[in-house]
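Subject: Structure handover

Hello,

Here is the structure you are taking over. My notes on it follow below.

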Amino acid sequence: MTTTPTGWRKGADTTIPPRELWARDPFVMLLATGMGSGMIRPYSGTWGTIPAVILAAAIQRQGSDLVYIASTLAMIALSVWASGQAEPLFGHDSGRIVIDE
């Protein structure tokens, strides 16, 4: 893995400051980075699982298998979309994109 001095992967558009990335599309950035947990160093992937565990526990408490399955399928579709939108900004398979954890 090759990173730039700022921690961004090669291939990402590093000319755009992180604040501007968040300003451009806050919804995609919020989703792709796991509500910002993907920005925490070290072990961004580990931090990125925390929002997913909390969300899964909240959905499971609803008690309906149908709601749990439908929510899981919706999150899979949403995560594929958000990862695809964030990849050009962060670079291929960036550690900051944690929605796929």
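**The largest pocket**

Helix 3 gives the largest share of the lining of the largest pocket, seven residues. Helices here are DSSP runs (H or I, at least four residues), numbered from the N terminus. A pocket is an open set of points on a 1 Å grid over the protein atoms alone, where a 1.4 Å probe fits, with protein on both sides within 12 Å along at least five of seven lines; lining residues have an atom within 4 Å of a point.

This is a predicted model: local features need pLDDT of at least 70 and side-chain atom pairs pLDDT 80 or more, while totals for chains, interfaces and linings use all residues. Residues are numbered from 1 along each chain as its sequence is written, and side-chain values use heavy atoms, without hydrogens and water.

The lining has 21 residues, and P51, A52, L55, M75 and I99 are the closest to the pocket centre. Helix 2 and helix 4 also supply at least two lining residues each.

**Other findings**

A57 sits in helix 3 (residues 44–60). A57 is partly exposed, at 37% relative accessible area; that term covers values between buried (under 20%) and exposed (over 50%), with a 1.4 Å probe and protein chains only. From A57 to Y68 is 9.8 Å, C-alpha to C-alpha, with the two eleven residues apart in sequence.

S79 is in helix 4 and is buried, with a relative accessible area of 13%. The S79 side chain reaches the backbone oxygen of I76 at 2.9 Å.

Regards

How values were computed: Polar contact = N/O pair within 3.5 Å; in protein donor to acceptor, adjacent residues only side chain to side chain.
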